[in-house]
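Here is a short walk through one protein model, from its overall layout to its core. Please keep the sequence and the 3D view at hand while reading.

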Amino acid sequence: MRALPREELRLIVLLESRAAPRLRTIEGLWRKSTRKRPGSMTAFIRAEGLLDGTEIDEIMANAPLDLVEFQRAAAAVPIEQRSHINTWIERFNAGRACASRPGKD
């Protein structure tokens, strides 16, 4: 986990964030906490400082809503004309890169 690039860490946070409302018997992608790590990869990423806490909070607050909007818009398009979800992930990563550039308004 510590060796993963930021983009992959951000996607893990996104995945767990989207799954969280439906989780009943597990804490996250690692399932249950152990003595060495939490059940949530997001909790580990936060505790280890692999991503800034404000970035994690932003992903958790905004990305799920953005993904739901992407899915809603895609559902209105005939399946053979729909963009692949990968285009949303590319926009998700590009938006973060743009937001972190120095000199951004």
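Helices (H or I, at least four residues) and strands (E, at least two) are DSSP runs, numbered from the N terminus. By that rule the order of elements from the N terminus on is α-α-α-α, with four helices and zero strands in the protein. This is a predicted model, in which local features need pLDDT of at least 70 and side-chain atom pairs count only at pLDDT 80 or more, while totals for chains, interfaces and linings use all residues. Residues are numbered from 1 along each chain as its sequence is written, and side-chain values use heavy atoms, with hydrogens and water left out.

Of the 105 residues in the protein, 27% are buried, where buried means under 20% relative accessible area with a 1.4 Å probe, protein chains only.

Helix α2 covers residues 41-48, and its buried residues are Met 41, Thr 42, Phe 44 and Ile 45. Seen down the axis of α2, these fall within an arc of 160°, so they line one face of the helix; the arc is that of the directions from the helix axis to the C-beta atoms. After α2 comes Gly 49, with a positive phi near 70°.

Ile 45 and Trp 88 have the most contacts inside the largest nonpolar core, which has 16 residues. Such a core is a set of buried Ala, Val, Leu, Ile, Met, Phe, Trp, Tyr and Cys residues joined through side-chain atoms within 4.5 Å. At least two residues of this core come from each of α1 (6-19), α2, α3 (53-75) and α4 (85-99), and α3 gives the most, with five.

Not counting residues up to four places away in sequence, Trp 88 touches Leu 14, Ala 63, Asp 66, Leu 67 and Phe 70; contact means heavy atoms within 4.5 Å.

Definitions and conventions:
Buried < 20%, exposed > 50% of the residue type's maximum accessible area, 1.4 Å probe, protein only.
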